Amino acid sequence: MKKIEIFEVALCCSTGVCGPSVNEDLLRITAAVNKINASGGNAICYNLNSNPDVYVKNVIVNELLMKDGETVLPITLLDGIVVKTKAYPSNNELADWSGIALSTDASSNDCGCNSACCGDSESGCC
């Protein structure tokens, strides 16, 4: 099973429902990563705010950050090889890399909270 690692910008939480507006792309990625892992895949998102040591220890990510700064984030690695920078992968890309089918339904409100409220009622998550 291929390992997908997504190195995100500094966020206050991993769901994207905190703050004054909802980050729809982050909601989509959180749901996709949860589905990949629930289906036996291997995907993980790192938050620069919560996991700075991972960014420092990963030589590839560290070099990209030193060269381009935080504008290079998010960075996606597939088995340790950079496959995308400056944007989150699409659901189709994640499905291709993981071998796990993912919904491309953009109207889904599943934020990956597993029925727990992780934001306000306006987010559509709770």
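Is Lys-84 buried, partly exposed or exposed, and what is its relative accessible area? Lys-84 is partly exposed, with a relative accessible area of 22%, where buried means under 20% relative accessible area, exposed over 50% and partly exposed in between, for a 1.4 Å probe and protein chains only. The model shown in these views is predicted, so that local features need pLDDT of at least 70 and side-chain atom pairs count only at pLDDT 80 or more, while totals for chains, interfaces and linings use all residues. Residues are numbered from 1 along each chain as its sequence is written, and side-chain values use heavy atoms, with hydrogens and water left out.

**View A. The salt bridge of Lys-84 and Glu-93.** The side chains of these two residues meet at 2.9 Å, N to O, in one of the three salt bridges that the structure holds; the term stands for a side-chain nitrogen of Lys or Arg within 4 Å of a carboxyl oxygen of Asp or Glu. Glu-93 is partly exposed at 23% relative accessible area, and Lys-84 is likewise partly exposed.

**View B. The salt bridge of Asp-25 and Arg-28 in helix α1.** The closest N and O atoms of Asp-25 and Arg-28 are 2.7 Å apart, and both residues lie in helix α1 (residues 24–38), three residues apart, or about one turn of the helix. Helices (H or I, at least four residues) and strands (E, at least two) are DSSP runs, numbered from the N terminus. Asp-25 is partly exposed at 32% relative accessibility, and Arg-28 is partly exposed at 24%.

**View C. The salt bridge of Lys-3 and Glu-5.** The side chains of Lys-3 and Glu-5 meet at 3.8 Å, N to O. Lys-3 counts as partly exposed at 32% relative accessibility, whereas Glu-5 counts as buried at 10%.

**View D. The aromatic cluster of Phe-7, Tyr-46 and Tyr-55.** A search of the whole structure finds two aromatic pairs, taken as rings of Phe, Tyr and Trp (its six-membered ring) with centres within 6.5 Å, planes under 30 degrees apart counting as stacked, over 60 as edge-to-face and the rest as tilted. The rings of Phe-7 and Tyr-46 have centres 4.9 Å apart and planes at 35°, so this pair is tilted. Phe-7 lies in strand β1 (residues 3–8) and Tyr-46 in strand β2 (residues 42–47), so the pair ties together parts 39 residues apart in sequence. Phe-7 is buried at 0% relative accessibility, and Tyr-46 is buried at 11%. Phe-7 and Tyr-55 form an edge-to-face pair, 5.2 Å centre to centre with 85° between the planes, which links strand β1 to helix α2 (residues 52–57) across 48 residues.
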